[in-house]
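Student: I have a model open on my screen and would like to learn how to read it. Could you take me through some of its features?

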Amino acid sequence: KSSTCVTPKIPDRCEPLSSPSNVLEEARTRLHVSAVPDSLPCRETEFEDIFNFVESKILDGTGGCMYISGVPGTGKTATVHEVVRALHRATEQEELPGFKYIEINGMKLTEPRQAYVQMLQQLSNQKATPDHAADLLNKKFTTPGPRKETIVMLADELDLLWTRKQDVMYNIFDWPSHRHARLVVLAVANTMDLPERIMMKRVSSRLGLTRMTFQPYTFKQLQEIVISRMKGLKAFEEDAIQLAARKVAAVSGDARRALDICRRATEIAENLSPSKTKLSLVGMSHVNAALQEMFSSPKVVAMRTASDQEKIFLRAVVAEFQRCGLEEAEFAKIYIQHTALCRIDGLKPPSTTEMARVCARLGSVRLLLVEHGRNDLQMRVRLNVSQDDVLYALKEKSGV
Amino acid sequence: MDGSETPIADTVSSVSESIPCRESQIKLLLSLFGEKRCMTVPAIFAYGHTATGKSAVINSILKTCKLPHVLVNCVECYSSRFLYEAVLNGLYTNNGRQKPETPVKCENMNDFVRLFRHTCMDLHLQNETVYIVIDKAERLREMDANILPAFLGLQELADGNVCVILLSEIVWEKFRCGTGFQEPFIVQFPDYNKDELLRILVRSAPEGYSAEFYQMYLSLVLSVFHIVCRNLSELQHLAAINFRKYIEPIKNGEATESDSRKLWKNFEPHLKKALQTVYLREVSSTQWERMLEESDAGKMMTQQGLSSRTHVELPYYSKYLLIAAYLASYNPAKSDKKFFSKHSDKHKKSKVIKKQERTNNHMLGPKPFPLDRLMAVFYAIVEGKVAPTANIFMQITSLVSVHLLSQVAGDDQIDVPKYKCLVSLDFIKSVARTVNFDVVRYLYDFV
């Protein structure tokens, strides 16, 4: 009866998406984060490990858990998807017995217990309340049945399945340990020590010790990823890719960041090239401009473009901090400093009302951390940037 | 007739006829409102002291110009849901249209904006400015954090011609919080000065008396009260209830209307007395009017006033307990030995010298003391032998429950609780007089 409902569908585009017309556009589509390549470079060993683990479980007809961790953008989910794709290919060639693949993502669930509902829906296309779904799944996994298929489950964003009683995590890791369950769970999260930090003893012991950590990409790997995507396309200079890779590897080793910077660099190159037909290669200068855009602190820019009174206010805050040696000052004290600074500059000092407005604006753009306006003169003010940043940003302007 | 068609000057004169001394504010608001179909500022914040005509001016402008508006008071609409529903339902009822069959239900800001747009469509208000007047707007700060920013930007959110008017007694600085919002247009309503007050008050002259006569009376009232009170409604009230006393000699035939000196002689002591009694609400206005009829008003009011009601009947030991609590609260603990132990006159000399530099304990307010000290002081001052029965401890807790004492740091009820004494010196003096105990002799500040 559930098959009567219509499949949800997005309306079609009025005009089809234009296909890339020049080299840089082609490069941009290939560099898009969502364009996952067929083979993931630099993750061969991890692929091998996960593949072997799942394959052995499928062949043995047993269940098990694996915990996969790594900082964002290191290819965890992509590798798991790749493994599943390879396993599917193997089953098609009848090298492996068949299996069913399901996937839950903690971020997509409104509430941890919705995981049961999702699991049940993907397994048997049934809809149920979380409690009922948990019962059904429990029955399915703990009682012997005529089921032959192994179930491979990817539990992404595992840390969001955390509840106070940890019953969701407990069940997900407990079911594979039953003899008849034949469930393989691949749990993915960002922190390496998540099982020790947030899980109870009985939950983390069920998770087992099969763990894998995805290290952040080194600059060579990042370079290889970009080059592999650019195969057969002459859009980048070698050094330009290396610069992007080195900069990203130094900060986070996030492949998405590297791809984003390269994409932005192609856009900059296209804008700067003399004509539409004769496009230049993406060079060091373009990548450098993209890096400046994405890594530079907007706070310094905000302080430099602030109005005169706002600049004086920031200087007054720093002066007050230096006077009293604390990192927090009352508005009334800053007002005194501000009027003094105004007199030095030969400006008319503002009234407290105007000052409150200046302070509120700086607070609303988060250059300052301010309290609620109701404790007006006693309002305490802190800087949200370092004092050196303030002095650096304001000195360059006034020094000229 | 259409309000927007009449020139602004006409409206100004008609509104300021009912509300004098507010021409500049009326002119400013009317020019802000502009014509009906024109867009106006998204939000106006009007502030000024109590009774400076904020609500009156805005209400009468909206009424005379027949602008579609809704008035809500944040004291009545104490939760965001009530506020939304009051605005939406008020839009229907205030504008003389038929009521919707079912009252509008609205839970959150998102629904409010959607329903507001629908309501404006329903009532055909798209082509004119809708005004939402929110009185006592300072209460908005205690509601959900999104209300104030959303109301200030309602014109943009609802994509319609709407103006939100916030009325408050406090300045705009005290509303700012978080990541900021659209600043409203700020209109200040300044206080009335003495002449303006006179001009407004004289409008309510009772019939039968000339305006000059009433103005004379009002200037007498103002000469006494203007130092302490500039609140228009308070002065109006005082002028109304005291007028009967002023004209008493005329009615008796002792004086005429022109006999101002005699009238003043007769009236002045009453006004001075009114300042101490009826203005502080120690006697209610009905009592005051009744007392004015009897000639010896002053004698009555000293006995009947609220402050003279500080006389409370207490049980015998409770009185001593209260005195002991007062002494423990206002005397430093190290002076207890001097006051309450038998032989300790030796140190008296040195204490007296130091007295000059110590601060007055009565200025700093009561200090907390433990139960042990209270009982020690109690046994030192009470006459005869008193057993520490349950009754005595019961009386301490009942003193707490009638708010003559208060328990501080009340986490532990049983193990040495701490108390503070909350009564005034006059009160404790009168209590001590009933048991023939001289409190002042035992108070560190007065020795």
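Student: Which residue is the bridge partner of A:Leu369 in β8(A)?

Tutor: In this predicted model, A:Leu369 has A:Arg382 of β8(A) as its bridge partner. Strands (E, at least two residues) and helices (H or I, at least four) are DSSP runs numbered from the N terminus, and two strands pair if DSSP finds at least two bridges between them. Here β7(A) and β8(A), residues 380-383, are antiparallel and share three bridges.

Student: Which strands make up the open sheet, and in what order?

Tutor: The order is β6-β8-β7 in chain A, with antiparallel pairing. β6 (329-330) and β7 (368-370) of chain A each have a single partner strand, so they stand at the edges with one side lacking a neighbour in the sheet. Helix α14 (308-324) of chain A packs on this sheet and touches β6, β7 and β8 of chain A, its direction making about 95° with that of β8(A). Helix α16 (352-364) of chain A lies across β7 and β8 of chain A, at about 110° to β7(A). Contact means heavy atoms within 4.5 Å; axes are lines fitted to C-alpha atoms, for helices over the stretch in contact, and angles run from 0 to 180 degrees between N-to-C directions.

Student: How is the pairing in the sheet of chain B, parallel or antiparallel?

Tutor: Parallel: five strands form an open sheet in the order β2-β3-β4-β1-β5 (chain B). Its neighbouring strands are turned by 20° against each other on average, direction ignored. Strand β1 (43-48) of chain B pairs with β5(B) over five bridges, and B:Phe45 stands opposite B:Ile186 in β5(B). α2(B) lies across β1, β3, β4 (162-168) and β5 of chain B, running at about 160° to β5(B).

Student: What describes a pair of aromatic rings?

Tutor: The distance of the centres and the angle of the planes. Rings of Phe, Tyr and Trp (its six-membered ring) pair with centres within 6.5 Å; planes under 30 degrees apart are stacked, over 60 edge-to-face, the rest tilted. There are 35 aromatic pairs over all chains. B:Phe33 and B:Tyr131 have ring centres 4.5 Å apart and planes at 50°, so this pair is tilted. B:Phe33 lies in α2 (23-33) and B:Tyr131 in β3 (130-135) of chain B, so the pair ties together parts 98 residues apart in sequence.

Student: Which conventions should I keep in mind?

Tutor: Residues are numbered from 1 along each chain as its sequence is written, and chains are lettered from A and ligands numbered from 1 in the order in which they are written. Local features need pLDDT of at least 70 and side-chain atom pairs 80 or more, while totals for chains, interfaces and linings use all residues; side-chain values use heavy atoms, leaving out hydrogens and water.
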